[in-house]
Amino acid sequence: QVQLVESGGGLVQAGGSLRLSCAASGRTFSGYAMGWFRQAPGKERDFVAVISWGGGTTYYPHSVKGRFTISRDNVKNTVYLQMNNLKPEDTAVYYCAAHRRLYYFPTVFPPADFGSWGQGTQVTVSS
């Protein structure tokens, strides 16, 4: 089991940047694909980014591609989400999560396929 703690959220103006961090504990962190999701009030939890266990493969939905970058440091047991050119519609609670399967890179990203979740960090983008 992987335990996750997010940080780095805050209030930023439209066009600004934030870098989220997700610190993981657990012996097998480096074996899991890691994802970022977000959830706005009254909405479902949406997929934002995913990175393979080695860091060599990433995937983003169209809504954030070109603006967000996911990365990981398996020595520090941390995954990051660099968010640039933020928009008011990016406002949400952001969560990191570890995929349920070891050494597996998913091609679909339902939240139910991710078995470990952090507590979330709030990102608010003002217009």
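This is a predicted model: local features need pLDDT of at least 70, side-chain atom pairs count only at pLDDT 80 or more; totals for chains, interfaces and linings use all residues.
Me: Let's start with the rings. How many aromatic pairs are there?
Reply: The count comes to eight aromatic pairs. One of them is F37 with F114, an edge-to-face pair with 5.0 Å centre to centre and 75° between the planes.

Me: Where do F37 and F114 sit in the chain?
Reply: F37 is in strand β4 and F114 is in strand β10. They are 77 residues apart, so this pair links distant parts of the chain.

Me: Buried or exposed, those two?
Reply: F37 is buried, with a relative accessible area of 0%. F114 is buried as well, at 1%. The cut-off for buried is under 20%.

Me: OK, and what about Y59 and F109, how are they arranged?
Reply: Y59 and F109 form a stacked pair, 5.4 Å centre to centre with 20° between the planes. Y59 lies in strand β6 and F109 in the loop between β9 and β10, so the pair ties together parts 50 residues apart in sequence.

Me: Which of those is buried and which is partly exposed?
Reply: F109 is buried, with a relative accessible area of 14%. Y59 is partly exposed, at 44%.

Me: Which residues make up the aromatic cluster?
Reply: F37, F47, Y59, Y95, F109, F114 and W117 form one cluster.

Me: Switching to charges. Which ring does R45 sit over?
Reply: The charged end of R45 sits over the ring of W117, 4.7 Å from its centre.

Me: Which residues line it?
Reply: The lining is R38, Q39, A40, K43, E44, D46, F47, S63, P88, E89, T91 and A92.

Me: How many of the lining residues are nonpolar, polar and charged?
Reply: Four are nonpolar, three are polar and five are charged.

Me: Now N85. What's its phi, and where is it?
Reply: Phi of N85 is near 50°, a positive value in a residue other than glycine. N85 is in the loop between β8 (78–83) and β9 (92–102). It is partly exposed, with a relative accessible area of 42%.

Me: What is N85 in contact with, leaving aside its neighbours within four places in sequence?
Reply: N85 is in contact with G15, G16, S17, R67 and D90.

Me: How far apart are N85 and R72?
Reply: They're 13 residues apart in sequence and 21 Å apart in space, C-alpha to C-alpha.

Me: Last one, Y103. What's its phi, and where is it?
Reply: Y103 has a positive phi of about 50° although it is not a glycine. Its place is in the loop between β9 and β10 (114–117), and F109 is in the loop between β9 and β10 as well.

Me: Is Y103 buried or exposed?
Reply: Y103 is exposed, because its relative accessible area is 54% and the cut-off for exposed is over 50%.

Conventions:
Residues are numbered from 1 along each chain as its sequence is written. Side-chain values use heavy atoms; hydrogens and water are left out. Helices (H or I, at least four residues) and strands (E, at least two) are DSSP runs, numbered from the N terminus. Buried means under 20% relative accessible area, exposed over 50%, partly exposed in between (1.4 Å probe, protein chains only). On a 1 Å grid over the protein atoms alone, a cavity is a set of points where a 1.4 Å probe fits but cannot get out, and a pocket is an open set with protein on both sides within 12 Å along at least five of seven lines; lining residues have an atom within 4 Å of a point. Ala, Val, Leu, Ile, Met, Phe, Trp, Tyr, Cys and Pro count as nonpolar, Asp, Glu, Lys and Arg as charged, and the others, Gly among them, as polar. Contact means heavy atoms within 4.5 Å. Rings of Phe, Tyr and Trp (its six-membered ring) pair if their centres lie within 6.5 Å; planes under 30 degrees apart count as stacked, over 60 as edge-to-face and the rest as tilted. A charge sits over a ring if NZ of Lys or CZ of Arg is within 6 Å of the ring centre and within 35 degrees of the ring normal.
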